[in-house]
Amino acid sequence: MTKMALDNDAINLSQGYPDFDVPAELVERLTFHMAQGRNQYPPMQGVEALRQAIAGKVRACYGASLDHDAEITITSGATEALFVAVQAVVHPGDEVIVLDPAYDSYEPAITMAGGKTIHVPLSGEDFSVDWDRVSAAITNRTRAIMLNSPHNPTGAVLEPADLDVLAELVAKHGLYVISDEVYEHMVFDDKPHLSMVGHPDLRERSFVVSSFGKTYHATGWKVGYAIAPPALTVEFRKVHQFVTFTTHTPTQWALADYLAAHPEHHEGLPAFYQAKRDLFLDAIEGIGFDTTPSRGTYFQLANYASLSSEPDTEFVRRLTTEIGVAAIPISVFYESPPEARFVRFCFAKSDETLLEAADRLKRGLA
Ligand code: PMP
């Protein structure tokens with residue numbers, strides 16, 4: 001979609017990345033550490049100062065104390081962490097439950113481990129987890145469940161009751177949880193993010209994955225991390241060692257400095273992105289999209305059934321090539337796409353970009 005957007009000079013609300021820059025001080029710390037000569041391999045598990053800073057942030061956000069040596073590993077983006085976690089616990093013939101619509105890297109990682117992806121759709125208008133369906137999908141081969149809250153592409157978030165049911169299923173069937181929490185600091189309407197690391201039972205069975213790309217507007221830096229109990233971290237690092245061995249050194253030092261100097265950075269993100277969500281929703285009001293405000297992430301789903309009966313892939317092609325706004329068709333995130341017609345808009349863009357996109361949609365569709 002990004003290529004189609006570029007080819008057609010369309011405003012790109014498709015791929016999830018901000019069109020504003022990383023904090024200038026973070027860039028300054030990066031160039032500082034490169035100039036200081038911090039350009040050689042860091043330890044395999046990541047720069048200690050950064051792992052310490054993550055432990056401090058997790059304690060402040062979720063009340064969990066972590067051993068930064070035994071439980072935190074820096075990775076080359078969340079994508080590496082998700083891949084490695086799957087390779088660490090999934091064996092040939094194992095089944096892994098994935099909730100559709102699902103981020104596109106999950107199933108290939110499971111397939112490469114020799115596992116089988118069992119797709120369970122999210123349900124209803126609010127894309128909540130149907131725990132009865134999840135429970136019915138569990139067999140004696142089920143090894144793990146992959147979860148993503150806040151959820152890309154729907155913006156759904158898990159509630160406390162979800163974690164309680166999950167904890168019961170995990171204990172009953174001895175499952176592992178691979179929890180993709182890259183949008184942990186984008187939860188709206190004064191709700192908290194419920195991290196698996198903050199749940200005393202679930203943290204014992206979980207890999208919690210996050211990404212600096214989302215929180216510091218630096219998706220191209222590709223630095224993330226995985227938190228897991230010591231025994232799982234040992235297995236995780238056996239794979240990480242031979243997938244990448246380690247992650248870009250000066251960026252880790254820069255992030256460590258920035259976290260130490262600005263421990264409050266993430267606190268401003270919910271209001272920052274919620275304002276963009278609301279601006280975009282206001283601006284597209286009256287066009288004919290049916291929307292429920294996104295509860296988390298920087299994505300907004302829009303049902304376009306009253307505007308067109310085209311399949312979503314055709315609708316976004318027309319939006320991009322004729323109307324000049326690129327979006328993502330959400331059928332691509334499903335094994336069996338539902339009838340409902342939704343597209344995903346990314347609102348991690350400057351206010352001017354969002355208003356201009358809404359204007360084009362209005363002129364082209366209303
Ligand atoms: N998980 C989800 C749900 C995502 O949306 C993304 C980024 N698009 C990632 C993982 C990957 O994060 P990273 O860029 O740090 O690999």
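## Salt bridges

The whole structure, a predicted model, holds 17 salt bridges. A salt bridge here is a side-chain nitrogen of Lys or Arg within 4 Å of a carboxyl oxygen of Asp or Glu. Side chains of opposite charge can pair when their charged atoms come close.

Residues are numbered from 1 along each chain as its sequence is written. In this predicted model, local features need pLDDT of at least 70, side-chain atom pairs count only at pLDDT 80 or more, totals for chains, interfaces and linings use all residues, and side-chain values use heavy atoms, without hydrogens and water.

Lys-57 pairs with Glu-184, with the closest N and O atoms 3.8 Å apart. Lys-57 sits in helix 3 (residues 48-62) and Glu-184 in the loop between strand 6 (176-180) and strand 7 (206-211), so this pair ties together parts that are 127 residues apart in sequence. Helices (H or I, at least four residues) and strands (E, at least two) are DSSP runs, numbered from the N terminus. Both Lys-57 and Glu-184 are buried. Buried means under 20% relative accessible area, exposed over 50%, and partly exposed in between (1.4 Å probe, protein chains only).

Asp-189 forms a salt bridge with Arg-277, at 3.1 Å between the closest N and O atoms. Asp-189 lies in the loop between strand 6 and strand 7, and Arg-277 in helix 12 (residues 269-284), so the pair links parts 88 residues apart in sequence. Asp-189 is partly exposed, at 39% relative accessibility. Arg-277 is buried, at 4%.

Lys-238 and Glu-235 meet in a salt bridge of 3.0 Å, N to O. Both lie in helix 10 (residues 230-243), three residues apart, about one turn of the helix. Lys-238 is partly exposed at 49%, and Glu-235 is partly exposed at 31%.

## The largest cavity

The whole structure has three cavities of 30 Å³ or more. A cavity is a set of points on a 1 Å grid over the protein atoms alone, where a 1.4 Å probe fits but cannot get out; lining residues have an atom within 4 Å of a point. Grid points are joined across faces, edges and corners, and a volume is the space filled by probe spheres set on the points.

The largest cavity holds about 60 Å³ of space. Its lining includes Lys-57 and Glu-184. Helix 3 gives the largest share of that lining, three residues.

Technical notes
1 Å grid on protein atoms, 1.4 Å probe; cavity = no way out; pocket = protein on both sides within 12 Å on 5 of 7 lines; lining within 4 Å.
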